[in-house]
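Subject: Structure for you to look at

Hello,

Here is the structure I said I would pass on. Please open it and keep it in view while you read the notes below.

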Amino acid sequence: MKKNRFSFILIILISIFITSPVVAQSNFPNGSAQGTTEMNPNVRPIQVPNVAVQITQPESGNEVAFSVRLLLLLTVLTLAPSILILVTCFLRFSIVLDFIKRALSLQQVPPTAVLNGIAFFMTIFVMWPTFTNIYEKSLKPLSNNEINIQQAYSAAEEPIREFMFIQMSDDTSYISNFMGMAKLPKPQTRKDVPTYILIPAYIVHELTVAFKIGIFLYIPFIIIDLVVASILMSLGMMMLPPVQISMPYKLILFVLIDGWGLLTQQLFASVIR
């Protein structure tokens, strides 16, 4: 009986709660701000511009030539980092630093990104006079509308060519080889060497110089490896890798002789003459 009475009262309360209107309280404390659902007319919404791409047929040869120039310019911009790396001393610095890392039997320290960063800033330091010359003779007059694009290109090309010729002044055989492969006559002056011949000759020259420096770097560390390997063989420790024993000695020798200082000085001396 009590359960039926309790259920009846509970049903009545639920029905009253559902059917009764919900009354929102609107009595706010004195001094409170009045709310509104309308947007402030002084606030401007974010305007997203419309982007439209229109493809039309060229009506003259000038428009076709402009499109081709634009395509070539975009291609050159994508290859610009590689071009700057190959026509500067970055190639030599990066290869030599990687050689010293391998000669010390180091795997992860220093990372390759760190070595490339060191080579990059060393390249900026060495090439700064050349870059300044390019800015003064090419970029600055072009920004002041004193010369056109063709003249700016010629003015920027000359310091880079001069730098590459200076680096190859002691060995011009690479230029002769590429001139012979291109079936061009023997150059009498530097102006007779085209840029498309000079750049690959310079790249091969830099690779040769970098590998020569790497060989000289390897010699003392190879001697340490041979000594450690012979000692381990005489002690019968054939299963122990000699690199684990020789690497600390190579690091100690490299630190004691101030290897990084000597290496950077010799790299600068090999470029700056």
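Start with helix H3. H3 has 14 residues and reaches 20 Å from its first C-alpha to its last, close to the 20 Å expected at 1.5 Å a residue. Please keep in mind that this is a predicted model.

Next, how much of H3 is buried? The count is 12 of its 14 residues, so H3 is largely enclosed by the rest of the structure. Among the buried residues of H3 are Phe90, Leu91, Phe93, Ile95, Val96, Leu97, Phe99 and Ile100. Arg92, Ser94, Lys101 and Ala103 are also buried.

After H3 comes Ser105, which has a positive phi, near 60°. Ser105 lies in the loop between helix H3 (90–103) and helix H4 (112–143). Is Ser105 buried or exposed? Its relative accessibility is 16%, and buried means under 20%, so Ser105 counts as buried.

What does Ser105 touch, leaving out residues up to four places away in sequence? The contacts are Val243, Met247 and Lys250. Ser105 is also 9.0 Å from Gln244 in space, C-alpha to C-alpha, although 139 residues separate the two in sequence.

The last item is on the surface. Ile215, Phe216, Ile219, Ile223, Val227, Ile231, Leu235 and Met237 form a nonpolar patch there, and together they have about 790 Å² of accessible area. One of them, Val227, is in helix H7 (residues 195–234). With a relative accessible area of 43%, Val227 is partly exposed.

Regards

How values were computed: Residues numbered from 1 in each chain as written. Predicted model: local features only at pLDDT ≥ 70, side-chain atom pairs only at ≥ 80, totals over all residues. Heavy atoms only, no water. Helix = DSSP H or I, 4+ residues; strand = E, 2+ residues; numbered from the N terminus. Buried < 20%, exposed > 50% of the residue type's maximum accessible area, 1.4 Å probe, protein only. Contact = heavy atoms within 4.5 Å. Expected span 1.5 Å × (residues − 1). Patch = residues over 30% accessible without salt bridge, like charges linked within 9 Å, V, L, I, M, F, W, Y side chains within 5 Å. Areas by Shrake-Rupley, 256 points an atom, 1.4 Å probe, with all protein chains shown as cover. Salt bridge = Lys/Arg side-chain N within 4 Å of Asp/Glu carboxyl O.
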